[in-house]
Amino acid sequence: MCRYLSDGPRTLLAAFEVRSSLAQIRRLTGKTDLDDLRIDALLDTIDDFVSLFPWSGDEKAIKEYLDKNGSVISALEKELGENKWFAGEYVTWADLYWDVSSDSIEYFQPGYFKDYPNLLSLKKRVKELPKIAAWIKRRPQTPY
């Protein structure tokens with residue numbers, strides 16, 4: 001299934017560039033050029049990790065992938081450190097993307113992130129953002 005953005009007669013596929021533009025509109029990007037570079041690097045890292053994940057659901061392939069690529073999650077944990085958000089003191093779309101991406105991984109490998117307390121705390125903070133918390137309460141319930 002491909003995500004898209006529809007604006008009347010125009011439809012845009014939700015490529016990273018479109019999502020990045022929407023993040024700029026919603027002020028979910030960095031406050032400095034250096035922050036933007038860092039956020040882009042984090043987003044690319046998360047996206048690479050998720051894009052290569054064996055979505056077929058084959059348990060052996062998932063275990064091998066996570067064992068082989070666990071250093072990526074360790075690096076994200078270290079990068080976040082004790083910061084509240086990936087950018088430090090404010091939310092960016094890297095935080096939101098991490099939350100959605102890690103939820104997808106945990107669907108196939110429940111509890112995988114238990115050894116990454118900073119990343120788990122970030123997920124919790126994202127879900128507690130008022131508009132996101134409100135959406136979670138009213139969204140349709142699906143198995144995913």
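A: Begin with the surface. Accessible area comes from the Shrake-Rupley method with a 1.4 Å probe. This is a predicted model. Its chain exposes about 9,700 Å². Carbon and sulfur atoms supply 56% of that area.

Q: How do I tell what share of contacts joins residues at least 24 apart in sequence?

A: Take the contacts between residues at least 6 apart in sequence. In this chain, 63% of those contacts join residues at least 24 apart.

Q: Which residues of α4 are buried?

A: First, a general idea. An α-helix has 3.6 residues a turn, so residues three or four places apart point the same way. Now the case. The buried residues of α4 include Trp-93, Tyr-97, Ser-101 and Ile-105. Also among them are Ala-94, Trp-98 and Ser-102. Asp-95 and Asp-99 complete the list.

Q: Is Ser-102 buried or exposed?

A: Look at its relative accessibility. Ser-102 has 0%, so it counts as buried. This residue sits in helix α4. Set aside neighbours within four places in sequence, and Ser-102 is in contact with Phe-113 and Lys-123.

Q: What does Val-100 count as?

A: Val-100 is also placed in helix α4. Its relative accessibility is 48%, so it counts as partly exposed. Val-100 and Lys-127 are 27 residues apart along the chain, and 10.0 Å separates their C-alpha atoms.

Q: At what angle do α3 and α5 pack?

A: Compare the two axes. Helix α3, residues 59–80, packs against α5 at about 70 degrees. The axes are 8 Å apart. Angles from 65 to 115 degrees count as roughly perpendicular, so α3 is roughly perpendicular to α5.

Q: Which residues of α3 and α5 meet?

A: From α3 come Ile-73, Leu-76, Glu-77 and Leu-80. From α5 come Pro-117, Asn-118, Leu-119 and Leu-122. Sort them by class: this contact has 6 nonpolar, 1 polar and 1 charged residues.

Q: Where is Leu-120, and what does it count as?

A: Leu-120 lies in helix α5. At 31% relative accessibility, it counts as partly exposed. Beyond neighbours within four places in sequence, Leu-120 is in contact with Phe-113 and Lys-114. Leu-120 and Glu-77 are 43 residues apart in sequence, with 9.3 Å between their C-alpha atoms.

Q: How are α5 and α6 arranged?

A: Read the angle again. Helix α5 is residues 117–128, and helix α6 is residues 130–138. They pack at about 80 degrees, with axes 5 Å apart. They are therefore roughly perpendicular to each other.

Q: Which residues meet there?

A: Val-126, Lys-127 and Glu-128 of α5 meet Pro-130, Ile-132, Ala-133 and Ile-136 of α6. By class, this contact has 5 nonpolar, no polar and 2 charged residues.

Definitions and conventions: Residues are numbered from 1 along each chain as its sequence is written. This is a predicted model: local features need pLDDT of at least 70, side-chain atom pairs count only at pLDDT 80 or more; totals for chains, interfaces and linings use all residues. Side-chain values use heavy atoms; hydrogens and water are left out. Buried means under 20% relative accessible area, exposed over 50%, partly exposed in between (1.4 Å probe, protein chains only). Helices (H or I, at least four residues) and strands (E, at least two) are DSSP runs, numbered from the N terminus. Contact means heavy atoms within 4.5 Å. Axes are lines fitted to C-alpha atoms, for helices over the stretch in contact, and angles run from 0 to 180 degrees between N-to-C directions. Angles under 35 degrees count as roughly parallel, over 145 as roughly antiparallel, 65 to 115 as roughly perpendicular and the rest as oblique. Ala, Val, Leu, Ile, Met, Phe, Trp, Tyr, Cys and Pro count as nonpolar, Asp, Glu, Lys and Arg as charged, and the others, Gly among them, as polar.
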